[in-house]
Amino acid sequence: MKKDRILVTGGTGYIGSHTVVELQKAGYPVVIIDNLSNSNREVLDGIERISGIRPDFVEADCTDLNALKKLFADYPGIKGIINFAASKAVGESVEKPILYYRNNLNTLLNLLDLMGPNGVKGIVFSSSCTVYGEPDQNPVTEQSPIKKATSPYGNTKQISEEIITDVITSGAPFKSVILRYFNPIGAHPSAEIGELPNGVPQNLVPYLTQTAMGIRKELSVFGDDYNTPDGSCIRDYINVVDLAKAHVIAVERMLNDASEDKIEIFNLGTGLGTSVLGLIDAFERSTGVKVPHKIVGRRAGDIEKVWADPSHANNVLGWKAETSLDDTMRSAWAWQLKLRERGIM
Ligand code: NAD
Ligand code: WQD
């Protein structure tokens with residue numbers, strides 16, 4: 001049976017591109033909208049090399065309501081949306097709050113506005129463990145308290161969750177699945193797509209692989225005096241392909257009306273906490289490549305430790321993070337090697 005068309009906003013980005021591949025594998029025709037503000041057109045080639053299918057692509061900005069209206073007219077029959085499009089650099093959001101509020105919130109508002117008139121049944125929203133701030137207790141469940149956001153970026157995720165809730169509570173004719181990602185890392189095992197940060201990476205794994213490659217001199221470990229077993233911060237690092245697969249299940253759930261609930265929220269993590277030093281170890285062990293690193297002071301605003309209780313997603317979605325940390329580290333390294341081979345990095 002022919003499957004319904006899915007609109008993926010931000011689909012040439014890191015998580016979006018991996019999700020497009022999984023949607024295609026499950027038989028969904030995909031149309032991507034992306035303004036290429038943090039990705040590039042070549043990602044479409046990578047997707048096509050993996051799946052054999054080139055997704056439809058519209059280069060446009062989701063904050064442009066007319067461009068979105070035209071997209072719905074040009075690509076009829078869109079039944080589901082996955083909204084990845086957002087600006088995501090925490091530090092930049094502190095410097096440019098208006099850009100972050102405008103981009104992330106107007107994108108969401110435009111999509112919600114057009115869903116009803118276009119007969120879209122549901123929207124999957126990319127939220128973040130950042131909504132839990134520094135948790136009182138780990139692991140965090142979906143019922144753990146939401147803490148005041150410490151950055152405009154984090155605040156856009158909290159406000160977006162509230163906007164979705166208000167719109168659906170007001171009687172909008174569609175559903176939503178809100179996915180709170182922990183720390184997505186790694187790349188597709190084919191090394192055809194992966195994370196391509198702009199400039200100096202702010203996140204741990206791209207900085208680590210670039211250091212291992214010799215692009216950066218050494219990795220700074222931000223603090224070893226935290227209240228954790230080895231003193232470095234703890235996160236829940238989730239493989240990006242595992243993460244992508246959860247989106248296909250979420251879409252299916254909305255399209256098939258599998259749940260009575262019009263809004264559902266799921267943590268997407270492994271349930272395992274890994275320290276910064278533990279992650280460096282895992283990389284060195286699994287790839288045999290050394291990462292020069294030194295301990296420096298704490299990074300302002302860092303959370304000491306957070307990891308997920310993913311049992312709600314495990315039980316209700318039938319989804320589980322499956323890829324080992326070692327395999328994930330190997331995939332991140334294979335992607336870095338591919339970038340070198342192609343002369344990109
Ligand atoms: P990414 O920057 O790689 O992908 C986002 C894509 O959206 C980019 O291709 C960018 O060009 C595009 N985009 C941004 N604004 C747009 C607009 N107005 N119109 C059209 N396209 C636009 O980021 P990612 O890591 O793939 O993250 C995807 C989503 O997941 C984001 O909403 C992000 O906030 C969320 N998230 C990411 C992480 C993470 O650590 N990567 C964690 C939690 C949540
Ligand atoms: C991970 C750990 C650092 C770089 C961010 C956002 C969050 C979410 C995920 C979107 C921390 C340490 C890092 C380095 C280091 N994104 N580190 N040296 O901070 O958990 O979360 O991405 O929603 O909102 O804040 O991720 O990869 O930056 O850091 O020691 O050069 O690595 O201190 O403990 P973080 P990260």
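Visitor: Which residues line the second largest cavity?

Guide: They are N83, F84, A85, A86, N104, F125, S126, T156, K157 and S160. This is a predicted model, in which local features need pLDDT of at least 70 and side-chain atom pairs count only at pLDDT 80 or more, while totals for chains, interfaces and linings use all residues. Residues are numbered from 1 along each chain as its sequence is written, chains are lettered from A and ligands numbered from 1 in the order in which they are written, and side-chain values use heavy atoms, with hydrogens and water left out.

Visitor: What is a cavity, and what are lining residues?

Guide: On a 1 Å grid over the protein atoms alone, a cavity is a set of points where a 1.4 Å probe fits but cannot get out, and lining residues have an atom within 4 Å of a point. Grid points are joined across faces, edges and corners, and the volume is the space filled by probe spheres set on the points. The second largest cavity holds about 40 Å³ of space.

Visitor: Which elements give two or more residues to that lining?

Guide: Helices (H or I, at least four residues) and strands (E, at least two) are DSSP runs, numbered from the N terminus. Here β5 (122-128) and α6 (152-169) each give two or more residues, and α6 gives the most, with three.

Visitor: How many cavities of 30 Å³ or more does the structure hold, and how much space lies in the largest?

Guide: There are three of 30 Å³ or more, and about 100 Å³ of space lies in the largest cavity. Its lining has 14 residues, of which E195, P206, T209, A332 and W335 are the closest to its centre. Both α7 (204-212) and α11 (325-341) supply at least two lining residues.

Visitor: How does the lining of the largest cavity divide by class?

Guide: The classes are simple: Ala, Val, Leu, Ile, Met, Phe, Trp, Tyr, Cys and Pro count as nonpolar, Asp, Glu, Lys and Arg as charged, and the others, Gly among them, as polar. The largest cavity has nine nonpolar, four polar and one charged residues in its lining. For the second largest cavity, the lining has four nonpolar, five polar and one charged.

Visitor: Now the ligands, please. Which residues come nearest to ligand 1?

Guide: A residue is near a molecule if one of its heavy atoms lies within 4 Å of it. Around ligand 1 there are 28 residues, and D34, N38, S39, N103 and Y153 come nearest. In this shell, β5 gives the most, with three residues.

Visitor: Which atoms of Y153 and I15 lie close to an oxygen atom of ligand 1?

Guide: Look for polar contacts, each a pair of N or O atoms within 3.5 Å. An N or O atom in the side chain of Y153 is 2.6 Å from an oxygen atom of ligand 1, and for I15 a backbone N or O atom lies 2.8 Å from an oxygen atom of this ligand. Accessible area comes from the Shrake-Rupley method with a 1.4 Å probe; on its own ligand 1 has 820 Å², of which the protein covers 95%.

Visitor: How far is an oxygen atom of ligand 2 from the side chains of N183 and R299?

Guide: An N or O atom in the side chain of N183 is 2.9 Å from an oxygen atom of ligand 2, and for the side chain of R299 the distance is 2.9 Å. Taken alone, ligand 2 exposes 680 Å², and the protein buries 87% of that.

How values were computed:
A polar contact is a pair of N or O atoms within 3.5 Å; within protein, one must be able to donate a hydrogen and the other to accept it, and residues adjacent in sequence count only if both atoms are side-chain atoms. On a 1 Å grid over the protein atoms alone, a cavity is a set of points where a 1.4 Å probe fits but cannot get out, and a pocket is an open set with protein on both sides within 12 Å along at least five of seven lines; lining residues have an atom within 4 Å of a point.
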